[in-house]
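Hello,

Here is the structure I said I would pass on. Please open it first and keep it beside you while you read my notes.

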Amino acid sequence: MEKQANIEQRFGEEDGYDAVVVGSGYGGSVAAFRMSMAGIKVCLVEKGRRWEAHDFPTDGLKIMSASRMENRNLGVSFGPKDALFQVYQQGDSVAAVACGLGGGSLVNAGVMMPTPSIPVRFSNAKVVGDIAIGEMEESSEDLMKLSINFDLEEPPSSLMRLQQMGSCLACGNCLAGCPYNAKNSTDKNYILSAIQAGCIVKTECQVQFVVKNPYYSFQESKTSRKRRWLVYLNEIDYITSDFVVLSAGVFGTTEILFHSQMRGLRLSESLGSGFSCNGNTVAYLAGSPAPLNAYGIDGKQLPNKILQERPGPAISSSYTSSLGFTIQTAVLPTAYPFLLFKGITTYGWPNGFWFFHGIIDKLKHVMGFKSSQAMVLNAMGYDESDGKIMFEKNKYKICFSPPQDLLLPRKIEAFQKLTKKLGGILFMSRFRSTSVHLLGGCNASSDPSQGVCNSKGQVFDTQAPATVHPGLYVCDASLIPCSVGINPSLTIAAAAEYVSRHLVKDVLEYKSKRGIEILVKTVDQHSCLTTDKNLRSSHTPVIVFKETMKGNIGGMPCTAYLKMKMNSQNQEDFNEGNAVNGESHPLLRGKVGGYVVFKAIEKDELHIIDGEVDLCEVDYRTPYTQYMHYRLLLAASSGSRYILEGKKIMHPFLFPLYAWRETTTLHVTFKKLDGNKSKDKMINLIGELRISMIELLKSLISLRGNKRRFIYLFSRALLRTYILQIPRGSHKESHSYYKPYPDSTLHEIETEDGYIISCRQWKCGQAPHRPKGEKQPNLVLLLNGHSTESYWLPTEPNDLVRTLLEEGYEPWLLQSRFHPLNPANNFTIEDIGKFDIPAAITKILELHGKSIKVHVVAHCVGGLAIHMALLGGHVSATHIASVSCTNSSMYFKLNALPMLKMWLPLVPVSMAILGKNKILPLLETPKTSLQHRLLKYIARLIPRYERCMCSECEVFSGIFGNTFWHQNVSPTMHNWLNMQSSTRLPMAAFPHLRKICKAGFIVDSNGKNSYLIHPERMAVSTLYISGGRSLLVTPETSFLANKYMKLHQPSLRHERVIVEGFGHSDLLIGEESYKKVFPHILSHIRLAEQGENLVMSSGKKCNAEALDWADDPCGGSRARGFGSLFSPSVVILLVLLWLVLLISLFI
């Protein structure tokens, strides 16, 4: 057997088991035995430990240590969770169950099996037999059948008696566990046979809940062998199986199903109903002068008494009354605390000094004097079976209310009659119900409205009438829908045999459909139960800790209570050299359990059924950046499932100044998985969760395991990221994608000021979604940003040029004087808007006619230029169909660091260093001048949000700042961009660009506001797109532009879009741009083509005051680049100090 503490479940384990049986009582042991004998791969999981004969308690101290008491009234509990005796007090009722390998058969009286008759009539049976007939209405003595070995000879060999058993010594200690190995409990018959047939037994493993495997499908399982059920031993560890048999007893099985229901398992509303205590009532008769001899004796007393003078087995007499109940006499084991039965949990009858009687009698017993005679009276009958087991969500525990017992007064009256006849004091329970025979809670029924499972034990699925959850069974006392009136052990075993017959057939049919060979195993007669230590796993969990994060997702409060278990795979397989290549240490990776509270989405807790965490994840595209990646699969009680995925992003920007905020802020996305219901609404939210200082301290306190090793590895990772800034891995080379473009025409155009620019034209074919003969779509003029190609990307299969061509549009790509192919040595941005764009539009009009209208798509500086062209009157709005700008408009708002560089004299210094040649070559060549080398060296030293191992990329981002998030750009795109596209950087326009940045909006080359004062010239429909994770230009740029256009051109359609996860130029060059960005551009162009760019009558204007009330919902921390503990002013001050230190090193 395997212990919970000594197993580490391999997550996503493909092998798993054919069936997992939960519990080892009469139901679970029968099911495990029958399936194992049929060649089915079975794992039996038991909450308790294995009890040998010498382990059972034989005195009061030992039995207290082997007991657990839960007082639900006071909310307190004490004793080990896997104690042999589990006592539950709820209201005016008490229930007791057993816990161990063998379940209730370990400590019950064994009244069930057709074994040989009791060879001796013991004292209490004689006495009660003499008086019971006369005192109980029409009572009759029952033939007792006990699962106890009275044979004095060697037992015969059989499947049901596979282990050498002792003979009953009549010590009377059956109810505390037989210390002489004479009881035929299920661990000695069914379970032993199952083990010999190949069953795996795991003890001290408490199953918490079961869920359907979210990654299972029947077709895939034929090849991948994925199992369809996950059986969780705690919040994190699970076992996979195709069939699950719940046999954990009435409380255990019901609680597992309640917990599973909280994780989305659809169950009948009758779960917990029909609870029965089998009409159980217990009393204690003491002080009788009759020779009852019903005290158990210990091993020291056995040699002094012959067999006939000993107490005998726990129950040796039973009488059934015609009134509908049965009374049995029982022997109290020597280990039981007598005072519990003599006044602490009882009251005496007749009234008098009955409490002192208990104390005096106990002193006599301890001192060795002859104590008074006593025995236990146990009554069973038929109660109303209307009790209920309920689940308290706030406490996450079950509670119960017992059924009504209409025969209770008659039973007490019968007890009193016996007491009068035998003499002494009757100690009756203070509780209305005192039961050891629990039934129901998961009642079998033909209708889901009346029960939890059908007669075969299959659990109903309430999604559709008369359907069941495939592979989920109940096979124990909880499916019996009413009281049985006698000891229910044999009834439970018989029901288990019936369920097992159908269960085995179901399993074999399922395996046959999957094409799995069935091997019928033979029983090894010489096999036996192995000790726990022989099956211990060499691998133990290393680190376990808790983490609580709070924040908002989609503007709604959310709290995540996580429990993380690191090192879920062997560390021996990890090579330290892998860390250099970007693979994190196994101790920094693990599984996540717990739950998420998100009341706005689900009223109940969202439980994590599969969670993963990597505290040192590295993307090969961003080798300097460290991520803490969380991925949680959540299940709701409603049946819905969600994915919460997030990252803590740690950039080495300004060393560790951002460390606290970055290591405690989780940027998350929250999505609902597609359901089968058409009414399910898609949910896709973003937000942030943070861990506070107090919660972080709690997490550190909760650390369990190899703390030093974990803290060392985690601190080393942060030191490498923030201080040493050592990259992990490098950009991976991949095959380039060079899909040929359609034929294009390159038009060389001379501008009004005499400069030669070029414009590339792709002639469109028939659009696939347009009928033949329909008018061809409008033209699209593409305007690049500064010195970077953003539309014509040979390495990308879905760039904007290809996308437009596929949609039937005719793209025109302007290669102006700041394009790397036509770099000018002396120009301003105003020249682009005044000369280059008008020249290109004039060329288009020459070819297509004066009446044609052009859609304009512009990026960054190209967006500034088109607004200068329109607002400056250089291009008439009558020739423009629509304008779409990415991270640009007539406004230009920068993040803190780029803004700092513009305010500092870096641009004038750079111009002075460059001299007359204002074109900076980015590629390293032997002919590079000293001035260019110096400028590039300075550029590499300037801080930036994200570092790169490519020298050319470092120079470019040092001058501009990061223009894209590397994780959004493919390696081939990154390589082409730096080695083939952006090879030359014309910097002549930087002084003008500096003036625009400082002003925050477009100005002329002299710094004067010559454009915003002419809004009437901007009579065109607009779309402004910003990146939600801004790098250079903040979302405020698009917000102000959209506000400006709505105020001054209210009759036209004006849109604004924030695309989450994108920065600056990755809006156009990113791998996912065609999915997340281009549809907005195409939609805007189509609406303009269809004449839907008018939104209201031309005479009506927007209320200026109402527009002033508007605030940018996408501003805040994202507008400053990414979240920081420091304001932009503090960042600027820190950078200034850094620059002073840098200059001092060169002086």
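The notes below cover a sheet, a helix and a histidine. Please keep in mind that the model is predicted.

The sheet. Strands of a sheet pair through backbone hydrogen bonds, either parallel or antiparallel. Here eight strands form an open sheet with mixed pairing, in the order S34-S35-S37-S36-S38-S39-S42-S43. S34 (744-750) and S43 (1054-1059) are the edge strands, each pairing on one side only. From one strand to the next, the twist averages 20°. S39 (residues 880-886) and S42 (residues 1021-1027) are paired in the parallel sense, over five bridges, and Cys885 stands opposite Tyr1024 in S42. Helix H16 (residues 829-848) packs on the sheet, and among the strands it touches are S34, S38 and S39. The direction of H16 makes about 145° with that of S37.

Helix H19. Its buried residues are Val907, Ser910, Met911, Ile913 and Leu914. These residues lie on the same side of H19, because they cover an arc of only 160° around the axis. An α-helix has 3.6 residues a turn, so residues three or four places apart point the same way. The buried residues of H19 pack against helix H18, strand S40, helix H20 and H23. After H19 comes Gly915, with a positive phi near 70°.

His992. Is His992 buried or exposed? His992 is buried, because its relative accessible area is 3%, and buried means under 20%. His992 is found in H23 (residues 990-999). A polar atom of its side chain lies 2.8 Å from the backbone oxygen of Val1003. His992 also touches other residues, including Thr828, Met868 and Asp1004.

Regards

Conventions. Residues are numbered from 1 along each chain as its sequence is written. This is a predicted model: local features need pLDDT of at least 70, side-chain atom pairs count only at pLDDT 80 or more; totals for chains, interfaces and linings use all residues. Side-chain values use heavy atoms; hydrogens and water are left out. Helices (H or I, at least four residues) and strands (E, at least two) are DSSP runs, numbered from the N terminus. Buried means under 20% relative accessible area, exposed over 50%, partly exposed in between (1.4 Å probe, protein chains only). A polar contact is a pair of N or O atoms within 3.5 Å; within protein, one must be able to donate a hydrogen and the other to accept it, and residues adjacent in sequence count only if both atoms are side-chain atoms. Contact means heavy atoms within 4.5 Å. The arc is that of the directions from the helix axis to the C-beta atoms. Two strands pair if DSSP finds at least two bridges between them. Axes are lines fitted to C-alpha atoms, for helices over the stretch in contact, and angles run from 0 to 180 degrees between N-to-C directions.
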